[in-house]
Amino acid sequence: MEIIDVSQVSYAYGDGSMALKDINMKIKSGEKVAILGPNGAGKSTLFHLFNGILKPTSGTITVNGMEVCKKNLVEIRRNVGMVFQDSDDQLFNPTVRQEIAYGLLNMGVSGKKLENTIEWALKTVGMSGYEDKSPHNLSGGQKKRIALASVLAMKPKVMVLDEPTAALDPRGVHKLIRLLDSINKELGITLIFATHDVDTVPLLADKVYLLDKGKVVMGGTTEEVFNQKEVIRKINLRLPRVAHLIEILDRDGILNADDLPLTIGQAKDFLEKNKSQV
């Protein structure tokens, strides 16, 4: 069943310029979906439509069978949790405890259930013991985890993340990818994330939509999309570095690669199977 269904959606800015044009997407419950595109492709605008921050100029979006419209906004926002690109735009309370509690209190959660949920959310993101610290004094990676915890506490069915690895160092990126994968597998939360970091996508996504100039250029499995090299490059993106290396070796006649490995693990398996060519 589709948890999110986007049908013929367009969005125009106040000056009439089109940010999104006839977008169609079907995202199933439990999927990990990357919206990949260059800067200005319309990724953030699309995300703001998912939970009703913006309203489509035309077309419809449904979340868990409910149309995203004014009368359903409270329930839609319980189902779709947003994690912003810049954690400082999301964290505004003086302590981590108050930050996690904010949305819960608005939902009427209190007492022991409130405390248990705060404890669970922080434990899930590996931030137990930070309850009384100020979120504003934490590192970028820690802020990202607190932002995730504040959304997780609401128990959404879908988590939407705008450039989740932005401003993180390589170790922080690795930790975040492992955490998001765990959230998806263990809690069954559908993940949708926007990025132009092509190296991150194969490590997390099982489905990819390419977005360029407000239009969906292509959609499919991660392997299907990244094997369309001309399409990727036409919208000013590139292959993951591992895939590009194998592509060069194939072009130079050193290896014969029909399908490109996208991660180091896949490249290792590929090279072991093709030892005779190396």
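## Helix H1 and the residue that follows

Helix H1 (residues 43-50) is largely enclosed by the rest of the structure, because six of its eight residues are buried. Buried here denotes under 20% relative accessible area, exposed denotes over 50%, and partly exposed covers the range in between (1.4 Å probe, protein chains only). The buried residues of H1 are Lys43, Thr45, Leu46, Phe47, Leu49 and Phe50. Just after H1, glycine 52 adopts a positive phi of about 80°. Helices (H or I, at least four residues) and strands (E, at least two) are DSSP runs, numbered from the N terminus.

## Basis of the model

This is a predicted model, in which local features need pLDDT of at least 70 and side-chain atom pairs count only at pLDDT 80 or more, whereas totals for chains, interfaces and linings use all residues. Residues are numbered from 1 along each chain as its sequence is written, and side-chain values use heavy atoms, with hydrogens and water left out.

## Salt bridges

Side chains of opposite charge can pair when their charged atoms come close. A search of the whole structure finds 14 salt bridges, a salt bridge being a side-chain nitrogen of Lys or Arg within 4 Å of a carboxyl oxygen of Asp or Glu. One of these joins aspartate 5 to lysine 26, with the closest N and O atoms 2.9 Å apart. Aspartate 5 belongs to strand S1 (residues 2-12) and lysine 26 to strand S2, so the pair ties together parts that are 21 residues apart in sequence. Both partners are partly exposed: aspartate 5 has a relative accessible area of 21%, and lysine 26 has one of 43%.

A further salt bridge connects glutamate 247 with arginine 233, where the closest N and O atoms are 2.6 Å apart. This pair links distant parts of the chain, with glutamate 247 in helix H10 (residues 241-251) and arginine 233 in helix H9 (residues 229-234), 14 residues apart. Glutamate 247 is buried, at 14% relative accessible area, while arginine 233 is partly exposed, at 37%. Within helix H2 (residues 73-79), arginine 78 and glutamate 75 lie three residues apart, about one turn of the helix. Their salt bridge has its closest N and O atoms 4.0 Å apart. Arginine 78 is partly exposed at 34% relative accessibility, and glutamate 75 is likewise partly exposed at 35%.

## Charged surface patches

A positive surface patch is formed by Lys21, Lys213, Lys215 and Lys234. Patches are made of residues with over 30% relative accessible area and no salt bridge, and like charges are joined within 9 Å. Lys and Arg count as positive and Asp and Glu as negative, while His and the chain ends are not counted. The place of a charge is taken as NZ of Lys, CZ of Arg, CG of Asp or CD of Glu. Accessible areas come from the Shrake-Rupley method with a 1.4 Å probe.

A negative surface patch is made up of Asp206, Glu223, Glu224, Asp258 and Asp259. Aspartate 206 is found in the loop between helix H7 (201-204) and strand S9 (207-212). Its relative accessible area of 36% places aspartate 206 in the partly exposed class.

Serine 150 lies in helix H5 (residues 140-152) and is buried, with a relative accessible area of 12%. Leaving aside neighbours within four places in sequence, serine 150 is in contact (heavy atoms within 4.5 Å) with Gln90, Glu99 and Ile100.

Lysine 155 is situated in the loop between H5 and strand S7 (158-162). Although not a glycine, lysine 155 has a positive phi of about 55°. Lysine 155 is exposed, with a relative accessible area of 53%. Glutamate 163 occupies the loop between S7 and helix H6 (170-187). Glutamate 163 also shows a positive phi in a residue other than glycine, near 50°, but glutamate 163 is buried, at 8% relative accessible area.

Definitions and conventions:
Patches are made of residues with over 30% relative accessible area and no salt bridge: like charges are joined within 9 Å, nonpolar side chains (Val, Leu, Ile, Met, Phe, Trp, Tyr) within 5 Å.
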